Amino acid sequence: MSEIVYLNGSLVPREDARISVMDYGFLYGYGLFETMRAYGGRIFRLERHLERLAGSAAKLGIAVDKSVLESAVMDTIKANRLSEARIRLTVSIGEGGTVPDPASCGQPTVLVVVSHYQPLPQEVYEKGYRAIVSSVRRNSQSPLAAMKSLSYLESMLVRQEARAAGVDEAICLNGEGMLAEASTSNIFLVGDGALKTPSVSSGGLPGVTRETVLEIAGKLGITTMEDDITFKELIQAEEAFLTNSVIEIMPLVEIDGKPIGSGTPGEITRKLMAGYKEMVRGEVG
Ligand SMILES: Cc1ncc(COP(=O)(O)O)c(C=O)c1O
């Protein structure tokens, strides 16, 4: 974790950083965050992360300035002299009154914590992830559905469920029984000659990596589909994988103890993994 963190306009040693006990991010989960990845000190798709955060912030009535956030993130990476890094940008609505009322909040709280990132060993990608279906359903109707909000307890519970089952991930369906996403990643599958991912209206996060993968697939001439996807389609898929900014593209080879396709990372998945690396090299290499 970073030695130096950015907090509300200042770079300070982590142990000196203080947030109010009345911060509504802490008290009510009233805020947002982004987890990003830096390669050689440069953040991949920083602008898209900031756009997502700013878009949600506008809906929540949190005043953010993207250029301030961008400098905050870059300054924190530099202050910690990091090259390969994981960056956590957190913005809350700030300190408020005792009676829960967002209108009582003053300035937003902005925090950046960075850490060195050691990618997972190649063997993990060669083997792929095993998952179960979570008992937690994503609420596609929730106002928080498309936000990376600080109200992240559901995702934590999904992750714990996976750990308790001795697998790597758990997949959430939505209230309608369609695929939504995993605990901290989006899901894709390959079937019927197309690359499919649940539409954003299914209740998952509009992931930056998800968007990048769809773009790469387009460039590679792979047919893509964003739609409602049934659990049956996942079981019958030829390939599947999970995406987020940190793990990038992780093959998903097993669900509820049954292999997906051949039970090994598929050909389209491998092509997209290679395409993603190339995209990163091209943009921030
Ligand atoms: C719940 C959830 N879904 C999907 C994602 C993937 O988003 P991104 O590709 O922007 O990292 C994340 C990221 O951590 C997440 O927390």
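This is a predicted model: local features need pLDDT of at least 70, side-chain atom pairs count only at pLDDT 80 or more; totals for chains, interfaces and linings use all residues.
**Helix 6 and its partner**

Helix 6 also has a partner to look at. The axes of helix 6 and helix 8 (residues 267-284) come within 10 Å and cross at roughly 105°. That angle falls between 65 and 115 degrees, so helix 6 and helix 8 count as roughly perpendicular to each other. On the helix 6 side, the contact is made by Thr212, Val213, Ile216 and Ala217. Helix 8 answers with Leu272, Gly275, Tyr276 and Met279. Sorted by class, this contact has six nonpolar residues, two polar ones and no charged ones.

The largest nonpolar core has 37 residues, and Ala131, Ala240 and Leu252 touch the most other members. Strand 14 (residues 248-255) gives this core its largest share, five residues. Another core lies apart from it, with 33 residues that include Ile4, Leu7, Ala85 and Val110.

Leaving out residues up to four places away in sequence, Leu252 touches Gly128, Tyr129, Ala131, Ala240, Phe241, Leu242 and Ile260.

Where does Gly128 lie? Gly128 is in the loop between helix 4 (122-127) and strand 7 (129-133). Gly128 counts as buried because it has 24 C-beta neighbours inside 10 Å, and the cut-off for buried is 20 or more. Again setting aside residues up to four places away in sequence, Gly128 touches Met250, Pro251, Leu252, Val253, Thr264 and Pro265. Gly128 and Leu252 are 124 residues apart in sequence, with 5.4 Å between their C-alpha atoms.

**Two residues with positive phi**

Glu248 is found in strand 14, and its phi is near 65°, a positive value in a residue other than glycine. Is Glu248 buried or exposed? Glu248 counts as buried, because 24 C-beta neighbours lie inside 10 Å.

Asp256 is found in the loop between strand 14 and strand 15 (258-259). Asp256 is not a glycine either, and its phi is positive, at about 50°. With 14 C-beta neighbours inside 10 Å, Asp256 counts as partly exposed, because that label covers counts between the cut-offs of 12 or fewer for exposed and 20 or more for buried.

**Arg88 and strand 5**

Arg88 lies in strand 5 (residues 85-92). Arg88 is partly exposed, because 18 other C-beta atoms lie within 10 Å. Leaving aside neighbours within four places in sequence, Arg88 is in contact with Phe33, Thr35 and Val113.

**Some pairs to compare**

Here are a few pairs with their separations, in case you want to check them in the viewer.

| Pair | Apart in sequence | C-alpha to C-alpha |
|---|---|---|
| Gly128 and Leu252 | 124 residues | 5.4 Å |
| Phe26 and Leu150 | 124 residues | 8.5 Å |
| Arg42 and Arg137 | 95 residues | 36 Å |

Two residues in the table still need placing. Phe26 is found in helix 1 (residues 24-28), and it counts as partly exposed because it has 16 C-beta neighbours inside 10 Å. Arg42 is found in strand 4 (residues 42-43). Arg42 also counts as partly exposed, with 16 C-beta neighbours inside 10 Å.

Definitions and conventions: Residues are numbered from 1 along each chain as its sequence is written. A nonpolar core is a set of buried Ala, Val, Leu, Ile, Met, Phe, Trp, Tyr and Cys residues joined through C-beta atoms within 7 Å. Helices (H or I, at least four residues) and strands (E, at least two) are DSSP runs, numbered from the N terminus. Two residues are in contact if their C-beta atoms, placed from the backbone, lie within 7 Å. Axes are lines fitted to C-alpha atoms, for helices over the stretch in contact, and angles run from 0 to 180 degrees between N-to-C directions. Angles under 35 degrees count as roughly parallel, over 145 as roughly antiparallel, 65 to 115 as roughly perpendicular and the rest as oblique. Ala, Val, Leu, Ile, Met, Phe, Trp, Tyr, Cys and Pro count as nonpolar, Asp, Glu, Lys and Arg as charged, and the others, Gly among them, as polar.
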